[in-house]
There are 2 protein chains.
Amino acid sequence: MFVVDTTHSPFAKLRPVASRSVCLTDSFWEPRREKNRHATLPTQYDHIEKTGRLDNFRRASGKRPDLDFQGIFFNDSDVFKWLEAAAAELPNTPALTEFVETTITEIAAAQQEDGYLNTYFMFDKAGERWENLAWMHELYCAGHFIQGAIAHYRSTDSEALLTVAKRLADHIYAVFGPEGRLGACGHEELEMALVELYRTTGETKYLTLAGRMIDARGSEPSVIHGKGPFDRRYMQDHVPFRELHEVTGHAVRMMYLSAGATDVYLETGDTTLWDALEKQWANMTERRTYVSGGLGSRYEGEAFGKDYELPNARAYTETCAAIGSVMWNYRMLLATGEARFAQLIEHTLYNAVLPGLSLSGDLYFYENPLENDGTHRRQPWFGCACCPPNVARLLAELPGYFYSISEDAGVYVHLYANGEVNMALPSGNPVTLHVATQYPWDGDIAITVTGEGEFALHLRIPDWASGATLTVGETHYPATPGAYAEIRREWQNGDRVRLHLPMSVRGIRCHPFVAENNGRVAIFRGPILYCAEATDNGFVPNLHQLQVNLSQEWKTVSVEGLPDIPALQGTASYTVLSGTSLYTESRSVECTGEGVLTLIPYYVWANRDPGQMLVWLPE
Amino acid sequence: MFVVDTTHSPFAKLRPVASRSVCLTDSFWEPRREKNRHATLPTQYDHIEKTGRLDNFRRASGKRPDLDFQGIFFNDSDVFKWLEAAAAELPNTPALTEFVETTITEIAAAQQEDGYLNTYFMFDKAGERWENLAWMHELYCAGHFIQGAIAHYRSTDSEALLTVAKRLADHIYAVFGPEGRLGACGHEELEMALVELYRTTGETKYLTLAGRMIDARGSEPSVIHGKGPFDRRYMQDHVPFRELHEVTGHAVRMMYLSAGATDVYLETGDTTLWDALEKQWANMTERRTYVSGGLGSRYEGEAFGKDYELPNARAYTETCAAIGSVMWNYRMLLATGEARFAQLIEHTLYNAVLPGLSLSGDLYFYENPLENDGTHRRQPWFGCACCPPNVARLLAELPGYFYSISEDAGVYVHLYANGEVNMALPSGNPVTLHVATQYPWDGDIAITVTGEGEFALHLRIPDWASGATLTVGETHYPATPGAYAEIRREWQNGDRVRLHLPMSVRGIRCHPFVAENNGRVAIFRGPILYCAEATDNGFVPNLHQLQVNLSQEWKTVSVEGLPDIPALQGTASYTVLSGTSLYTESRSVECTGEGVLTLIPYYVWANRDPGQMLVWLPE
């Protein structure tokens with residue numbers, strides 16, 4: 001669930017500006033969202049239908065008694081995530097109507113008398129319901145369903161599916177609520193959904209249940225039934241949440257858990273939750289995040305590694321983990337209004353989420369390595385297909401991330417793209433912002449304000465934008481990188497704000513404890529991380545032989561196969577050492593050379609001919 | 001099976017000199033072997049008994065109908081490997097007699113009428129025999145049993161257990177031989193055992209079956225029943241063996257497969273096998289071996305990685321994989337008499353096998369990282385306990401690796417340690433070598449020859465021993481590093497050979513494509529790899545902050561907790577950079593300093609107080 005409705009959340013500093021109030025007309029996001037509507041969502045529906053994911057519902061409702069359950073036991077969740085995305089895009093995309101109608105019909109028909117809904121635990125498996133919370137993702141699937149139903153309700157005003165979701169949530173409350181047993185899911189997700197259901201329906205029992213499930217983790221003995229110490233850490237059940245001061249275990253689960261706990265904080269103000277969240281965030285950002293914003297260092301367990309364990313070629317960096325980071329950081333942002341969270345959202349969107357989706361909109365990465373030999377390619381679908389619909393729902397709900405309203409009648413702009421937003425201030429006054437910019441390729445942003453009266457406009461100044469300038473007419477305002485610049489004034493219709501963010505090319509160096517990145521540099525321009533692909537850099541036998549000199553004039557150019565995407569061009573030397581031996585006392589230089597180095601945005605790698613790719617370039 | 005009897009192998013260049021002909025009296029290996037006899041083997045027997053591994057045999061034979069099968073389905077193999085080790089040490093260790101007798105009695109009693117022997121596939125599981133070759137390790141267990149039985153036969157001259165092994169092998173031949181179906185084990189191992197059984201009994205059908213099982217891999221469709229492409233590569237079933245030109249998949253399986261194929265080559269001279277073996281060896285040594293000699297870069301699948309994928313902290317480097325490398329290289333050495341294989345055996349023994357065993361002889365590493373934060377500690381036993389008895393059988397059979405006899409009446413010395421060996425030359429003449437040396441700590445080796453007549457003595461000159469000198473009396477002989485020095489002469493009783501191997505401290509640099517090791521050095525003295533442990537180097541906050549200068553005089557010293565093990569001491573500077581941020585444009589120097597750097601042999605790390613350990617030191 002991306003569009004978090006904190007309109008009435010007592011501990012939210014920011015109130016949301018819903019997606020439907022935002023119109024993006026930019027050349028960066030909107031074409032990707034267009035692909036999402038017309039390529040991604042329809043082809044995903046095809047996959048969902050062809051792989052039996054919808055048939056599982058038909059089987060469960062008795063329409064297809066001839067079928068066995070197909071696929072993985074948590075495949076329902078893919079349908080629900082797709083539904084969340086399609087529901088959000090429904091107003092703009094009539095072509096999705098029939099798919100959505102079919103989907104909600106099949107889902108609703110599969111619900112049991114008592115509210116239970118999961119197509120795996122039917123018939124011979126019905127006796128195993130709620131038995132294996134650690135591994136069977138039953139509550140996880142329920143969470144995705146509730147989110148999909150809320151999205152459908154918000155998009156259509158129809159309560160049909162929301163009613164189904166409430167019946168399921170009530171069933172779960174009966175089993176795991178205060179009158180039931182303690183329990184939580186091995187794969188967190190339901191917590192967020194329950195809080196959003198509380199926000200949507202006003203029924204406090206859903207909030208109670210979310211808090212209870214967060215509190216249930218780390219009990220002795222486990223109420224999740226994890227087997228052994230490794231397994232409990234894997235699912236964040238090895239210590240109580242308030243004692244969890246690192247990000248650890250399965251990365252997606254960790255993000256969903258922290259996001260759910262932040263949701264509970266937004267409603268309850270429980271500072272013991274907040275203290276743990278701050279510590280988790282510090283551990284993540286200071287020691288366990290890739291330079292792309294990607295999360296998860298280990299293939300085994302799709303998991304966070306130890307501090308400074310950030311291998312590049314074997315980075316797992318699941319697309320879903322990056323999406324989970326966006327979800328968590330958005331909730332932290334709503335709680336605080338602090339720029340560091342919006343900074344990480346933007347950074348992660350451009351550099352860790354978007355690489356997961358092909359430019360064509362129908363191929364996906366599950367893992368997002370920062371170095372590759374050219375064999376890692378995006379796939380049309382996966383057996384475990386969590387990432388594709390997760391990307392789809394993020395793009396569908398993306399406009400909801402751009403703007404917020406603050407308590408003290410201020411407006412916040414978190415992200416920049418050409419377009420327009422219509423908001424109502426708490427005073428009741430309407431405000432429209434027209435944003436004109438070529439961001440992220442260009443740092444000039446002009447915002448025309450339509451609206452009158454005194455309020456504060458907060459513009460996020462990215463942490464890399466040193467030298468940023470901000471003016472309204474002839475008046476200059478401070479623009480400190482890494483913070484929100486505040487323009488509090490009596491606005492007049494047509495006031496024009498001009499923000500300039502210098503788009504210099506920057507070399508980022510890594511903490512010295514990450515040995516692999518020593519002597520290397522990651523190159524950014526504005527918010528965009530760049531990388532080298534072999535196809536553009538044939539002058540060097542292997543990208544590890546490069547020596548990049550940062551102190552030069554970089555040109556932005558267009559390269560074959562990536563029109564309209566600014567590449568960076570400069571010169572670089574290279575050195576080839578002699579010998580094929582892996583270990584030797586010394587090596588001699590076989591040859592050296594120089595050539596034109598071309599770098600492309602990391603998020604578009606592997607969209608052309610396969611070949612070596614490298615983010616961290618030797619200096 | 002370590003002591004490979006190639007006495008009659010037509011394509012073996014070298015004939016073995018059996019363990020029992022070799023007496024080690026050195027201060028390096030023999031104390032470890034003594035620990036093996038009196039600490040390792042008895043405590044392992046305890047673990048085997050306490051964890052139900054022997055009870056599984058009692059259950060299978062009907063003696064304990066009250067018991068369920070205990071542990072993992074391949075636990076029989078631990079008993080067999082322990083038996084192989086204990087059998088080899090039986091002549092020197094009367095205290096093992098009772099344990100061995102109990103073990104062979106229980107094993108023999110568990111054999112079925114038709115020769116079948118595997119305690120997991122009994123009773124309700126009996127119908128599943130030979131069904132799931134890919135995953136259930138049935139043939140693997142059989143291989144370890146055959147090896148244990150051969151070791152027992154060689155040690156005791158009793159055919160009791162060998163007869164049991166032949167009955168099992170005959171049963172397998174009936175199922176998988178030319179009259180049966182094609183098949184092989186997901187976990188290779190049986191191939192080596194069958195060839196050794198052929199060598200022991202002279203029955204060619206066992207050799208035929210071994211070759212047939214190697215040929216069966218990579219069939220379309222798979223005859224191992226692997227599921228999906230990943231699984232087939234994991235068990236080296238994705239291509240036919242002769243098309244396998246890399247080392248890939250599960251590292252131990254890969255080593256056992258190549259060792260088994262080399263065994264078949266030694267008997268058949270099939271050059272198509274040899275061609276593949278050479279290519280696998282080149283890929284392994286040039287791209288996929290740790291500087292320790294350890295193998296296996298990935299936790300997931302306990303597997304080889306891609307070329308140059310050699311992470312240090314997350315090195316898997318299973319102790320068993322290093323042992324497998326020793327087994328394979330020994331067979332390659334027997335086939336060729338080429339020093340490169342003996343070089344790798346020595347290197348692997350000191351730096352990749354021995355780290356797996358504590359100095360106390362009763363604690364084990366399964367994984368052997370080259371960098372650690374101090375949390376990785378040796379354990380007394382494992383649920384999957386393959387490594388402990390594997391180390392035990394290697395140490396038990398180690399003397400068999402030291403010497404060989406060649407076709408042309410020459411003697412080969414592969415490894416150096418104080419002691420004595422008695423051999424019969426093909427001419428029938430007896431020869432005794434008395435070796436006096438403090439190797440590997442000192443490079444002076446004196447060999448006194450007792451024996452007369454013309455023959456060649458081949459002494460391996462390690463590849464690092466530049467400046468080596470070799471004399472017999474006043475006569476100098478060439479001593480080229482990385483080759484065998486040949487001394488062919490008319491020997492007189494009491495002739496004294498003096499070999500000097502300069503023990504300088506060397507810094508080894510890694511191929512530049514292993515980014516993590518760029519700008520770093522691994523330090524060796526003689527054959528021994530050194531590392532830094534925090535406990536000796538408190539002057540530096542973190543070992544990654546070191547800057548080591550190789551061009552200095554290193555002292556060998558004794559350090560607390562490691563008596564009699566030469567440590568290296570020199571000076572090193574360090575630099576602490578400011579800031580805790582993971583990524584930043586630049587960092588300033590917070591402080592610098594200098595201190596006394598102490599390095600210890602890598603194989604003894606984690607024998608004292610827990611703390612950070614690092615092999616690749618920044619220069």
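**Entry 1: a salt bridge.** I looked up Lys306(B) and found that it forms a salt bridge with Asp373(A), with the closest N and O atoms 3.0 Å apart. I take a salt bridge as a side-chain nitrogen of Lys or Arg within 4 Å of a carboxyl oxygen of Asp or Glu. I count six salt bridges between chain B and chain A.

**Entry 2: conventions.** I note that this is a predicted model, in which local features need pLDDT of at least 70 and side-chain atom pairs count only at pLDDT 80 or more, while totals for chains, interfaces and linings use all residues. Residues are numbered from 1 along each chain as its sequence is written, chains are lettered from A and ligands numbered from 1 in the order in which they are written, and side-chain values use heavy atoms, with hydrogens and water left out.

**Entry 3: extent of the interface.** I find 44 residues of chain B in contact (heavy atoms within 4.5 Å) with 44 residues of chain A. The area buried between the two chains (accessible area, 1.4 Å probe, lost on putting them together, summed over both) is about 3,400 Å², and carbon and sulfur atoms give 53% of this. I note that Leu582(B), Tyr583(B) and Glu585(B) supply 21% of the area that chain B buries against chain A, more than any other three residues.

Entry 4: I see strand S14 of chain A (residues 505-510) pair with S20(B) in the antiparallel sense over two bridges. Strands here are DSSP runs (E, at least two residues), numbered from the N terminus, and two strands pair if DSSP finds at least two bridges between them. I find Arg509(A) opposite Thr584(B) in S20(B).

Note on methods
Helices (H or I, at least four residues) and strands (E, at least two) are DSSP runs, numbered from the N terminus.
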